[in-house]
Amino acid sequence: MSPIRRFLTCVGAVLALALAAAGCGNADYDLSAGTYNSGGKAQDGLRKITVADTAGMPAAFVRYGMQRGHFKTQGLFIDFKTSGGGTTVIPSLISGELDIAGSAVVSCMIAIDRGLPVKIIAPGTSASDTATKDFSSLQVPQNSPIRDVAGLAGKRVAVNTLQGVSDVVIAGLMNSDPKVFSTIRFVEMPFPDMVAAIQRGNVDAGFLIEPFGTVGLARGLREVVQPYAALRPALQVGGYLAASETVKTKPALVAAFQRGLRLTAQDIAADPESFRQALPKISTLDAAMAAKVRLNQWKPQNDRASLELFAGIMRKIGYLKHDFDYGKAVMG
């Protein structure tokens with residue numbers, strides 16, 4: 001079996017487990033269920049494109065762009081699905097089941113490093129410009145002895161995907177010390193399940209994003225740090241991936257989706273409160289929770305400095321086998 005096929009087989013198994021976990025009915029604000037489309041019909045002069053993005057605010061971003069008509073103006077009818085993020089979307093991209101998928105840039109970079117035929121075609125979510133208003137949140141029980149990232153040594157930490165952006169951000173905040181970092185026991189679980197797992201003591205800490213961070217604070221958990229922005233203000237943590245074959249054979253489709261993303265990012269930047277007010281309609285958040293959550297940022301262009309920062313950390317902890325070639329891996 002070839003290395004690529006072996007990797008895809010492993011990822012497929014992870015995908016099955018992630019989807020099974022995401023189906024649990026007792027999780028708070030489980031944004032991973034169901035599908036969403038852009039209205040109208042694909043035959044109404046629109047070209048159908050199948051897109052997936054990570055449950056939570058990343059998925060809400062695409063849904064908002066669909067609601068506002070930013071993709072429809074580009075001639076696209078989006079068949080939208082939510083995912084567990086990370087590498088779970090890679091097999092579906094390569095098989096053609098998905099045209100484009102959002103994921104953490106770390107997972108994208110690992111896939112590319114392993115020789116999988118995918119490219120980062122556009123930026124996804126970015127952190128806040130300040131380290132006190134970010135949508136990421138490392139949380140622990142109120143009585144936990146963990147007071148900073150260094151306190152995670154030897155502890156169990158919940159992350160939404162193994163060898164993902166959460167691991168790498170924690171390593172970066174630990175100054176990429178491989179010996180200390182290797183003592184952390186990362187536990188993979190969907191974001192909606194993390195708060196309860198921390199409360200039950202199944203894990204010592206959880207790396208959450210909104211709206212799950214706000215849920216955790218409301219349930220009495222304590223925030224240690226807002227890790228994305230603490231590593232780098234406006235850190236780009238998300239990206240949109242397409243198979244190299246899709247980029248080659250469907251350039252107009254990819255370009256139209258890129259334009260829709262840029263219009264959506266510009267719309268939210270100009271009027272973030274309208275996005276906040278739309279959240280109860282495009283997600284399972286109620287109005288009270290939507291009013292509290294800390295919003296992501298979305299940028300019109302990829303941030304090379306963020307990706308190269310990640311690449312340096314990943315090389316130190318062994319997540320990348322080769323130097324990251326930005327020009328080959330990223331469009332724009």
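In which loop does P211 lie? P211 sits in the loop between strand 10 and helix 8 (212-218). A cis peptide bond joins E210 to P211, with omega at about 5 degrees.

The model is predicted: local features need pLDDT of at least 70, side-chain atom pairs count only at pLDDT 80 or more, and totals for chains, interfaces and linings use all residues. Residues are numbered from 1 along each chain as its sequence is written, and side-chain values use heavy atoms, with hydrogens and water left out. Helices (H or I, at least four residues) and strands (E, at least two) are DSSP runs, numbered from the N terminus.

Two strands pair if DSSP finds at least two bridges between them. Axes here are lines fitted to C-alpha atoms, for helices over the stretch in contact; angles run from 0 to 180 degrees between N-to-C directions.

Now take one pair. Strand 8 (residues 156-159) pairs with strand 9 in the parallel sense, over four bridges. Within this pair, R156 stands opposite R185 in strand 9. Contact means heavy atoms within 4.5 Å.

Two loops hold non-glycine residues with positive phi. Q163 has phi near 50 degrees and is found between strand 8 and helix 5 (165-173). A234 has phi near 60 degrees and is placed between helix 9 (227-231) and strand 12 (238-243). Q163 counts as partly exposed at 35% relative accessibility, while A234 counts as buried at 16%. Buried means under 20% relative accessible area, exposed over 50%, partly exposed in between (1.4 Å probe, protein chains only).

Last, a helix pair. Helix 2 (residues 57-67) and helix 12 (residues 272-282) pack at about 100 degrees, with axes 10 Å apart. They are therefore roughly perpendicular to each other, a label for angles of 65 to 115 degrees. Residues of helix 2 in the contact include M57, F61 and Y64, and those of helix 12 include F275, L279 and I282.

Definitions and conventions:
Angles under 35 degrees count as roughly parallel, over 145 as roughly antiparallel, 65 to 115 as roughly perpendicular and the rest as oblique.
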